[in-house]
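Student: Could we work through this one together? I'd like to ask things as they come up.
Tutor: Of course, have a look and start wherever you like.

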Amino acid sequence: MHDKEILRFLARIEDIKKHLASLGEMRPGSLSRQYNICGNPTCRCKDPENPKKHGPYYQVSYSHKGKSTTQFVKIDALAETKKQLKNYQTFKSLTEEWVALSVEIVKLRKKAEKKNSKKASS
Ligand SMILES: [Zn+2]
């Protein structure tokens with residue numbers, strides 16, 4: 001029974017490897033949208049009645065090796081950036097699943113070993 005489960009988990013790991021190999025470009029971080037006010041006192045963004053801020057501006061914030069960074073994203077790079085961010089999320093969830101499966105496999109193998117040694121001694 002454990003062996004079947006182990007085989008199922010190993011097969012899933014093979015699927016994960018294939019999926020990882022097919023992933024495109026990635027980048028870590030989260031996308032946010034901003035509207036800004038400029039330095040020009042007569043600009044539409046400072047209108048006391050109906051202020052219209054500049055934007056939207058898009059930026060990606062991430063932290064890497066303990067350092068957090070924010071990078072602006074041009075509108076024409078937005079779609080590609082969203083794809084890269086999504087690929088990173090997929091990468092992370094796949095590797096987390098791989099680790100979780102590996103942990104389970106170790107447990108199942110230990111259980112199977114115990115069972116076998118009981119059989120052998122009785
Ligand atoms: Zn302005």
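Student: What is Thr81 in contact with, leaving aside its neighbours within four places in sequence?
Tutor: Thr81 is in contact, meaning that heavy atoms lie within 4.5 Å, with Arg27, Leu31, Val60 and Val73. Please keep in mind that this is a predicted model, in which local features need pLDDT of at least 70 and side-chain atom pairs count only at pLDDT 80 or more, while totals for chains, interfaces and linings use all residues. Residues are numbered from 1 along each chain as its sequence is written, and side-chain values use heavy atoms, with hydrogens and water left out.

Student: OK, and where is Thr81 found? Why does it count as buried or exposed, whichever it is?
Tutor: Thr81 is found in helix H2, where helices (H or I, at least four residues) and strands (E, at least two) are DSSP runs numbered from the N terminus. Thr81 counts as buried because its relative accessibility is 4%; buried means under 20% relative accessible area, exposed over 50% and partly exposed in between, with a 1.4 Å probe and protein chains only.

Student: What about Gln84, is that one buried or exposed?
Tutor: Gln84 is buried, with a relative accessible area of 12%, and its place is in H2, which covers residues 78–121. Leaving aside neighbours within four places in sequence, Gln84 is in contact with Glu25, Met26 and Arg27.

Student: Changing topic: which residues are the protein donors of the zinc ion?
Tutor: They are Cys38 (SG), Cys43 (SG), Cys45 (SG) and His54 (NE2), lying 1.9 to 2.3 Å from the ion. Donors here are N, O and S atoms within 2.8 Å of the metal (3.2 Å for Na, K and Ca), and water is not among the atoms, so sites may look incomplete. In sequence, the spacing of the donor residues is C-x4-C-x1-C-x8-H.

Student: Why is the arrangement called tetrahedral?
Tutor: It is called tetrahedral because the four donor atoms around the zinc ion subtend angles of 102 to 116°. Four donors count as tetrahedral if all angles lie between 85 and 135 degrees; four count as square planar and six as octahedral if opposite donors are over 155 degrees apart and all others between 65 and 115, and anything else is irregular.

Student: Where is the place of Cys43?
Tutor: Cys43 sits in the loop between strand E1 (30–36) and strand E2 (54–64). Cys43 is buried, at a relative accessible area of 14%, and Cys45 and His54 are buried as well. Not counting residues up to four places away in sequence, Cys43 touches Cys38 and His54.

Student: Which peptide bond is cis?
Tutor: The bond from Gly55 to Pro56 is cis, with omega near 5°, and Pro56 has its place in E2. For background, most residues other than glycine have a negative phi, and most peptide bonds are trans. Lys65 has a phi near 50°, a positive value in a residue other than glycine. Lys65 is found in the loop between E2 and strand E3 (67–73), and it counts as exposed, at 79% relative accessibility.

Student: Now H1: which of its residues are buried?
Tutor: The buried residues of H1 are His2, Ile6, Phe9, Ile13, Ile16 and Leu20. Seen down the axis of H1, they fall within an arc of 75°, so they line one face of the helix; the arc is that of the directions from the helix axis to the C-beta atoms. The face turned away from that buried side carries exposed residues, among them Asp3, Lys4 and Arg8.

Student: Which residues make up the largest nonpolar core?
Tutor: That core has ten residues, namely Ile6, Phe9, Ile13, Ile16, Leu20, Leu23, Leu94, Leu101, Ile105 and Leu108. A nonpolar core is a set of buried Ala, Val, Leu, Ile, Met, Phe, Trp, Tyr and Cys residues joined through side-chain atoms within 4.5 Å. H1 and H2 are the elements that give two or more residues to this core, and H1 gives the most, with five. Apart from it lies another core of five residues, including Tyr58, Val60, Val73 and Leu78.

Student: And what does Leu108 touch, not counting residues up to four places away in sequence?
Tutor: Leu108 touches His2, Glu5, Ile6 and Phe9.
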